[in-house]
Amino acid sequence: MKFTAEQIAGILEGTVVGDSNAEVSKLAKIEEGTDGSLTFLANPKYKSYIYTTKASITIVNSDFEPEEELSTTLIKVDDAYGAFTKLLEYYNQIKLNKSGVEQPSFVSESATIGENIYIGAFTYIGDNVTIGNNVKIFPSSYIGDNVTIGDNTIVFSGGKIYSDCIVGNNCVINSGAIIGADGFGFAPNEKGEYSKVPQIGNVILEDNVDIGAGTTIDRATLGSTVIRKGVKLDNQIQIAHNVEIGKNTVIAAQTGIAGSTKIGENCQIGGQVGIVGHISIGNNVKIQAQSGIGRNVKDNEVLQGSPALTYGDYNKSYVYFKNLPKIVKNINEIEKKVNGDN
């Protein structure tokens, strides 16, 4: 789709300086702008690029005054970064504005489907599924029996939601994510062999939850694995059975959380963090990347290391760790002097 500077200014409540009929059909960084692209200038350190960019239209702050001749049309707004973000959201809505049921796909006769939905080709919708309004399910997705999906939720291509799981409103489940696979439950016998423990619970995603590509959230053995309102999970995260993650907690990629651990609200957990099972982590906790958590954590703690220490203790200890060779050398010299060695 093409948009003119005048149309974009109308969306952003901005002012055009230059050719109001200039057209764009794509977005670009200011240093990589080409003819027919839209870009923005918000950070002063990129100011020089506005005089060389080939972008047809550039969004700038209202107080911007060029010092050289420009080839790009300007749209002046109060907040260039915020306006461009708004435009990205608008662009994304248009890009995802699909509707209808594509074929081939399977939708059970017992499923209840809301209004203005999109179901992509090769998607499977099981028995007794309930899907809300304005839901988008992209091709090759799987929705198991008895699943409930709330309004305005998006399941991207290849997403899998196993039976009995509940997904709230305004959620995003990215490609390859698996919601509700069996938890890792096995019991050893006297021969040292392992028998599977049936996993008969489910997963509940509350409203406004984002699940990254390739992330897996296991169903509970009994009860529910619960991801509370506003949680944001990055790609390739493993959430084990019966875990509970508190609202507005964010977790970066490749983190693994073992079974039955409870994580509080508003936590920030870095990438490649490992958290053992059956512990509690408080509210407002920050865990640095590659940390290993093996104990209960109180509210507001900041942790780093494996096993993790408080952030301050870790940094103090690391100073000594870096200097260990020198420290050992000094100790050896002191020992020689004490022992009278030459």
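Q: Which residues of helix H1 (residues 5-12) are buried?

A: The model is predicted, so local features need pLDDT of at least 70 and side-chain atom pairs count only at pLDDT 80 or more, while totals for chains, interfaces and linings use all residues. Residues are numbered from 1 along each chain as its sequence is written, and side-chain values use heavy atoms, with hydrogens and water left out. Helices (H or I, at least four residues) and strands (E, at least two) are DSSP runs, numbered from the N terminus. Buried means under 20% relative accessible area, exposed means over 50%, and partly exposed is in between (1.4 Å probe, protein chains only). In H1 the buried residues are Ala5, Ile8, Ala9 and Leu12.

Q: What does the face turned away from the buried side of H1 carry?

A: That face carries the exposed residues Glu6 and Gly10. Just after H1, Glu13 takes a positive phi of about 55 degrees.

Q: How do I read strand pairing, and which strands pair with E6?

A: Strands of a sheet pair through backbone hydrogen bonds, either parallel or antiparallel. Two strands pair if DSSP finds at least two bridges between them. Strand E5 (residues 37-40) is joined to E6 by three bridges, and the two run parallel. Leu38 has Ile57 in E6 as its bridge partner. E6 also pairs with strand E7 (residues 73-77), in the parallel sense, over five bridges. There, Thr58 has Leu74 in E7 as its bridge partner.

Q: Why is E6 described as largely enclosed?

A: Count its buried residues. Four of the five residues of strand E6 (residues 57-61) are buried, so the rest of the structure largely encloses it.

Q: In what order do the nine strands of the open sheet run?

A: The order is E10-E13-E16-E19-E24-E27-E30-E33-E36, with parallel pairing. Strand E10 (112-113) and strand E36 (280-281) are the edge strands, as each pairs on one side only. Take the E36 end. Strand E33 (residues 262-263) is joined to E36 by two bridges and runs parallel to it. Lys262 has Ser280 in E36 as its bridge partner.

Q: Which residues touch the most other members of the largest nonpolar core?

A: A nonpolar core is a set of buried Ala, Val, Leu, Ile, Met, Phe, Trp, Tyr and Cys residues joined through side-chain atoms within 4.5 Å. The largest has 47 residues, and Ile161, Ile281 and Ile293 touch the most other members. Apart from it lies another core, of 16 residues, including Leu38 and Ile75.

Q: What is Ile281 in contact with?

A: Contact means heavy atoms within 4.5 Å. Leaving aside neighbours within four places in sequence, Ile281 is in contact with residues including Lys262, Cys267, Ile293 and Val297.

Q: Is Ile269 buried or exposed?

A: Ile269 is buried, with a relative accessible area of 4%. This residue is found in strand E34 (residues 268-269). Beyond four places in sequence, the contacts of Ile269 include Val250, Ile263 and Ile287.

Q: Where does Thr123 lie, and which backbone nitrogen lies 3.4 Å from its side chain?

A: Thr123 lies in the loop between strand E11 (118-119) and strand E12 (124-125). At 2% relative accessibility, Thr123 counts as buried. A polar atom of its side chain lies 3.4 Å from the backbone nitrogen of Ser141. Ser141 lies in the loop between strand E14 (136-137) and strand E15 (142-143). Ser141 is buried too, at 3% relative accessibility.

Q: How many disulfides does the structure hold?

A: A disulfide is a covalent bond between the sulfur atoms of two cysteines. The cut-off here is a pair of cysteine sulfur atoms within 2.5 Å. The structure holds zero disulfides. The sulfur of Cys165 is 12 Å from the closest cysteine sulfur, in Cys171, too far for a bond. Cys165 is buried at 0% relative accessibility, and Cys171 is buried with a relative accessible area of 1%.

Terms used. A polar contact is a pair of N or O atoms within 3.5 Å; within protein, one must be able to donate a hydrogen and the other to accept it, and residues adjacent in sequence count only if both atoms are side-chain atoms.
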